[in-house]
Structure formats: structure tokens, C-alpha cells
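User: I have a model open and want to know what stands behind the words used for it. Please take me through them, starting with the ligand.

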Amino acid sequence: MTPLIAADHVCVRFGGAEVLHEVSLAVKPGEIVTILGPNGSGKSTLIRALLGLVPLAHGTVSRAEGLRLGYVPQKLAVDRSMPLTVRRFLSLPTRVSDAAAAAALARVGVEDIGQRQMAALSGGQFQRVLLARALLSEPQLLILDEPTQGLDQPGEAAFYQLIETVRHQTGAAVLMVSHDLHVVMAASDRVICLNGHVCCEGTPRVVSNAPEYRALFGLGTRGALALYQHEHDHAHDHDHGHGHDHAHPHHHEHSHAG
Ligand SMILES: Nc1ncnc2c1ncn2[C@@H]1O[C@H](COP(=O)(O)OP(=O)(O)OP(=O)(O)O)[C@@H](O)[C@H]1O
């Protein structure tokens, strides 16, 4: 399947420092792909490179022709002293109809907050409104940079569930960034672990077992992975990830929901 967006051996430098080294990735239609990495590992820079917002020192970025893309940036400064309703915010910078605004808010589960002030929203509502705005263009690809920042763990879990629902209903692929490894692992088809370069990638289970990933997040054999333990009462399909699925005794650890 032709990717919607792809990076091929991308290098990005700021001054003398190489922030991204030979990064290659591709997102195919309908996939949920998460870029995971510690602070400063280049996640936002990679997103910005894919969007054409930072110059490449080397490599190429390609997008499917006519790609419709919805983007939620990591930071969005909304002037809290300026009155701005959710409805008006959805019409910035492009005016949308009441029907389209209502449909977008309904899609993210906050249909009744159109007349609320942006400054008065909870963290979870704010993130949902950002997602609603990104959905207005009916994107084939949603790019979300740390969409759950500021949310508590239940809020985070609910948000990732919403992302899956949106993918299911709209067919949009999702590329998102996170530096937390808990809930996000279960919500992704594929995880790319970044630390200036791609350390490892594959299904959540393959990545969570990769030594590169464990080293990067300082995990022992138990650590955070204990979160994904559950009773095994069903068989798993074999994961097809890149390389690093080292043979290991299977200790009931995995990161699929259910
Ligand atoms: N415009 C810029 N000019 C100079 N250096 C930059 C610029 N943008 C990012 N950097 C540097 O590049 C490195 C990677 O930053 P980036 O924001 O991509 O990391 P990140 O993985 O998204 O981090 P975080 O999890 O903290 O958001 C950091 O060392 C950062 O200081």
C-alpha cells in the first residue's frame, strides 16, 4: 500500500547539533503509529520535518498527492484574557458552517460545549476541541504531537480510546507523539522508538520487549511492563515487527488492550 507520508533517511541539524540522524518511516492508510521517545529525542522535530516546517540537512519527505492532513501541535497558546468561544475557535483560521462545527464536536464527544469559553475548558475538553478542529478538513492523516499532555491517566486512556474510534469511523491514519509508554502502547498498531535515530520499531509488544527500548526507558525485566500483564486465556498472532523480537520466555506481558 502506498504510504500517506514517508521520511527517507532524514537528518536535521540545529547549528552544529544533529537532532535527527537518518530517520526513515512511513505511515500507511488507516494505521495508528506512535513515535515514542524521551524528552529531547527529536519527536517534535520529526513531526515538523514531516510537515515541511524545518529544513532537512539530508534525506527526503514524501506525501501522497493531495494528502488531506489534520495537525494538532504540541503547544497552542490561547490567550486566556481574550474571550473566544469553542465555536469561534473552530472557525479559526478557516470559517466552517455550524453543521460542520457541531459534527466535529460530536465526533469527539463534546457536542454541548460550543458556546463555552476556550479559557474555561478542562484539559481533556481542550484537547478534544483541538482534535475536533483537526478533523474539520476530513483528514486522511491526523498528526498529533503529545495529544494527552496535561491529562490524568483516566483522561489519557479515554483520549486514546477516542482516537481509535475516530480512526474506525473516519478511516484516518494517525501519527502521534508521546513520551509516556503506558496507555499509548495499547492504542497503537505500530510504535517507533526514537532517540535521535530510530532505535527500534514494530508492534507494541515487539517494541516493549526490545532491549533498545528497555535501555532507553530504564526498564528492567519487570518495571512498567508489569502494567501490561494479564491472564493469558487466548493465543496471540505472531507479531511482524522489525528485527528485535528476541526470543524470550513469555511472561504474560503484552500491551494489547483486552
Ligand atoms: N528550533 C530549534 N532550534 C534549535 N534547537 C532546537 C530547535 N527545536 C528543537 N531543538 C532541539 O532539538 C532537540 C530535540 O527537540 P524536540 O523538541 O524535537 O524533542 P522532543 O523529543 O519532541 O522533546 P519533548 O518530549 O521534550 O517534547 C532538543 O535538544 C531541542 O533543544
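Analyst: A backbone N or O atom of Gly 42 lies 3.0 Å from an oxygen atom of the ligand. Two further pairs involve ligand oxygen: a polar backbone atom of Gly 40 at 2.9 Å, and a polar side-chain atom of Lys 43 at 2.7 Å. The protein covers 56% of the 640 Å² of accessible area that the ligand has on its own, with areas taken from the Shrake-Rupley method with a 1.4 Å probe, where for residues only the protein chains shown count as cover.

The model is predicted: local features need pLDDT of at least 70, side-chain atom pairs count only at pLDDT 80 or more, and totals for chains, interfaces and linings use all residues. Residues are numbered from 1 along each chain as its sequence is written, and side-chain values use heavy atoms, without hydrogens and water.

User: Which residues are the closest in the shell around the ligand, and what makes a residue near?

Analyst: A residue is near if one of its heavy atoms lies within 4 Å of the molecule or strand. The ligand is surrounded by 13 residues, the closest being Asn 39, Gly 40, Lys 43, Ser 44 and Thr 45. Helix α1 (residues 43-50) gives the largest share of this shell, three residues. Helices are DSSP runs of H or I with at least four residues, strands are runs of E with at least two, and both are numbered from the N terminus.

User: Why is Val 12 called buried?

Analyst: Buried means under 20% relative accessible area, exposed over 50%, and partly exposed in between (1.4 Å probe, protein chains only). Val 12 has 0% relative accessibility, so Val 12 counts as buried. Its place is in strand β1 (residues 5-14).

User: How do you know whether Arg 167 is buried or exposed?

Analyst: The relative accessible area of Arg 167 is 17%, so by the cut-off Arg 167 is buried. Arg 167 is found in helix α5 (residues 153-170).

User: What makes a polar contact with the side chain of Arg 167?

Analyst: The side chain of Asp 189 does, at 2.8 Å. A polar contact is a pair of N or O atoms within 3.5 Å; within protein, one must be able to donate a hydrogen and the other to accept it, and residues adjacent in sequence count only if both atoms are side-chain atoms.

User: Why is Glu 31 called buried?

Analyst: Glu 31 has a relative accessible area of 13%, so Glu 31 is buried. Glu 31 sits in the loop between β2 (17-27) and β3 (32-36). Beyond four places in sequence, the contacts of Glu 31 include Arg 167 and Asp 189.

User: Where does pLDDT stay under 50?

Analyst: pLDDT, the predictor's confidence in each residue from 0 to 100, stays under 50 over residues 221-258. Where pLDDT is low, the predicted coordinates should not be read in detail. For the protein chain, mean pLDDT is 82, and 83% of residues reach 70 or more.

Notes. Contact means heavy atoms within 4.5 Å.
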